[in-house]
Structures are given as structure tokens and as C-alpha cells.
Amino acid sequence: MAPSHSYEPLNPAEKENDDSSDFVEEEAGHAVPLAFHRDKSRWRYHLAAIALLLLSNVVFAGLWFKTWMSHQAHQEPSNCARTRLTYSPADSVIRYEKKRLWRDIEGPNPFIGQPRPELDQAWREIIAPITIKVSGDELARFSEGDSSIAFKDGSGYLAEMGVYHELHCIKRVRRYLHLEHYYPNMTDADRVIEDLHIEHCLEYWRQSVMCRGDTTLGTFFWRADGMATSHVYTDNECVDWHALDTWARKRMVDTADYSQFVKDDK
């Protein structure tokens with residue numbers, strides 16, 4: 001006798017509300033695990049997130065590289081990999097260029113030779129910006145706490161750039177070579193003062209030369225008399241003088257007029 005089986009009717013409502021079913025019927029008629037669809041959705045989100053992360057990294061790297069290149073473009077010409085330990089407002093215009101410097105004293109040159117109007121005018125002109133005006137903020141950045149002579153109108157303070165002081169000293173030494181011409185009525189007391197001025201200039205040069213420590217190399221040749229002699233030229237890294245001098249002349253101050261300055265109450 002065949003065993004009897006009991007059957008229970010399927011509850012349609014229970015089937016519709018059963019979210020724990022692991023299968024779903026595809027259009028093709030095959031039962032596919034529902035977890036498979038959930039995994040595909042997760043992978044899509046993961047891949048999208050990874051793609052966005054990679055894209056943002058690429059964009060960030062591109063912006064960083066652009067900023068770095070812009071910084072290099074502005075810094076390299078002015079600093080030439082030099083570490084700046086001091087500040088000058090003129091730093092903004094400093095550029096370097098390779099230039100062959102000739103120290104040959106033959107040929108026309110307004111800065112050398114015997115005293116004459118052309119020479120005197122050339123030296124007056126080249127050192128004209130020896131004193132310039134700087135702002136209060138600029139003074140605070142370079143003066144290490146020192147003050148300076150202020151302008152009565154509050155527009156700034158008096159300052160000088162070292163390069164023009166050195167040029168002034170060269171001019172002074174050149175005049176010292178021709179005392180009779182430039183100081184025909186010099187007294188013994190005047191001579192003592194001028195000697196001290198020249199000593200100051202020579203010491204100023206010594207310290208400036210050692211401070212810069214120019215490592216430019218020159219070459220030698222045999223003179224006709226058999227002496228080993230250095231050439232009168234070298235290939236140097238030089239400041240763009242026109243740019244620096246133009247900047248200084250825009251700030252130059254005529255110190256002959258003391259009425260424009262605040263004087264000490266002493």
C-alpha cells in the first residue's frame with residue numbers, strides 16, 4: 001500500500017512577503033541567486049569610488065605640479081638656487097645672466113683714465129641712487145631692529161644698497177690717485193681725514209669681496225716675455241644691472257636737502 005503524504009497549501013501572502021528568498025526568476029527562465037545582483041551592485045559602487053579617487057589624485061597631482069613649476073619659474077631666475085639669509089626689497093628685480101667681463105683698460109671707457117669732465121660725469125651718474133627710500137615694513141624686515149632716518153611726511157626711511165656704497169668707494173679711491181686735481185687746497189688735517197676715508201673704503205671692499213666669495217675661474221697664457229699671466233676676461237654670472245639700477249633710481253633720494261628728514265632731538 002502506497003504511503004500516504006500530507007500536503008499543506010502554499011500561503012501566497014507569505015511568499016510575496018518573504019524577502020529572505022535567495023532566488024529570483026530571470027526573463028530567460030533561469031533562477032539566478034539574488035545575492036549575485038547585490039554583489040554586482042556593490043562592485044559597481046566600489047569601482048565608481050575607486051575611479052573617482054584615482055581621478056581626484058590625478059587632478060591634485062596636476063595642480064601641485066603646475067604650482068611647483070610656477071614657483072620654480074619665479075624663483076630660479078632670481079635666486080639661482082641661493083639661500084636667502086637677508087632681505088632687500090630689491091630682491092624682486094634680481095635676475096642673473098652670463099656675461100664675459102673684460103678688464104682691459106685700453107680703448108674708450110668713461111670710468112677710467114685721467115681726470116676729465118666725461119669721467120666725473122660718468123661717476124656722478126653711476127652712484128646717484130646711493131640713497132633710497134624704503135617703507136616701514138621693508139625697514140623692519142632687513143634692519144635687525146635698527147632704526148633709520150625718517151621722512152617728515154611719513155612716507156618712509158632712508159637706506160642705501162651696498163653695491164652703490166662700493167661704487168662710491170671706487171670713485172673716492174680714483175680721486176685719491178689725483179689729489180692735486182680734486183683737492184688742490186687740501187690741508188694736512190684734510191689729508192688725515194681723507195686717508196681715513198680711503199682706509200674705510202679698502203676695508204669695505206675687503207669684507208664685501210670675502211662675503212661674496214666669487215668662485216669664477218679664469219685662465220692663463222704665456223706672455224712674450226715668458227711670464228705666466230691671467231687673461232683680462234672671465235665668464236661670470238652677473239646681476240642684470242639695468243634691472244637693478246632702474247629699480248634703485250625709482251627710489252633714489254637727494255640727501256642734500258636735510259629739511260625733508262626728521263632730526264634727532266639731541
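Two strands pair if DSSP finds at least two bridges between them. Helices (H or I, at least four residues) and strands (E, at least two) are DSSP runs, numbered from the N terminus. This is a predicted model, in which local features need pLDDT of at least 70, side-chain atom pairs count only at pLDDT 80 or more, and totals for chains, interfaces and linings use all residues. Residues are numbered from 1 along each chain as its sequence is written, and side-chain values use heavy atoms, with hydrogens and water left out.

**Strands E3 and E8**

Strand E3 (residues 96-102) and E8 run antiparallel, joined by 7 bridges. Leu101 has Thr234 as its bridge partner in E8. In a regular strand the side chains alternate between the two faces of the sheet. Strand E8 spans residues 233-239. Its covered face holds Thr234, Asn236 and Cys238. Tyr233, Asp235, Glu237 and Val239 make up the uncovered face.

**Whole protein**

The protein has 8 helices and 8 strands. Of its 266 residues, 19% are buried. Buried means under 20% relative accessible area, exposed over 50%, and partly exposed in between (1.4 Å probe, protein chains only). The protein exposes about 20,900 Å², and carbon and sulfur atoms supply 58% of that. Areas come from the Shrake-Rupley method with a 1.4 Å probe; for residues, only the protein chains shown count as cover. Among contacts (heavy atoms within 4.5 Å) with a separation of 6 or more, 61% link residues 24 or more positions apart.

**Core**

A nonpolar core is a set of buried Ala, Val, Leu, Ile, Met, Phe, Trp, Tyr and Cys residues joined through side-chain atoms within 4.5 Å. The largest one has 18 residues. Ile132, Met161, Tyr164, Leu167 and Trp247 have the most contacts inside it. Four elements each supply at least two residues of this core: helix H3 (117-126), strand E4 (132-134), helix H5 (162-176) and helix H8 (241-249). Leaving out residues up to four places away in sequence, Leu167 touches Trp123, Ile126, Ile127 and Trp241.

**Exposed helix positions**

| Residue | Helix | Relative accessible area |
|---|---|---|
| Leu55 | H2 (residues 34-79) | 51% |
| Glu199 | H7 (residues 188-212) | 52% |

Leu55 counts as exposed because its relative accessible area is 51%. Glu199 and Cys169 lie 30 residues apart in sequence and 10.0 Å apart in space, C-alpha to C-alpha.
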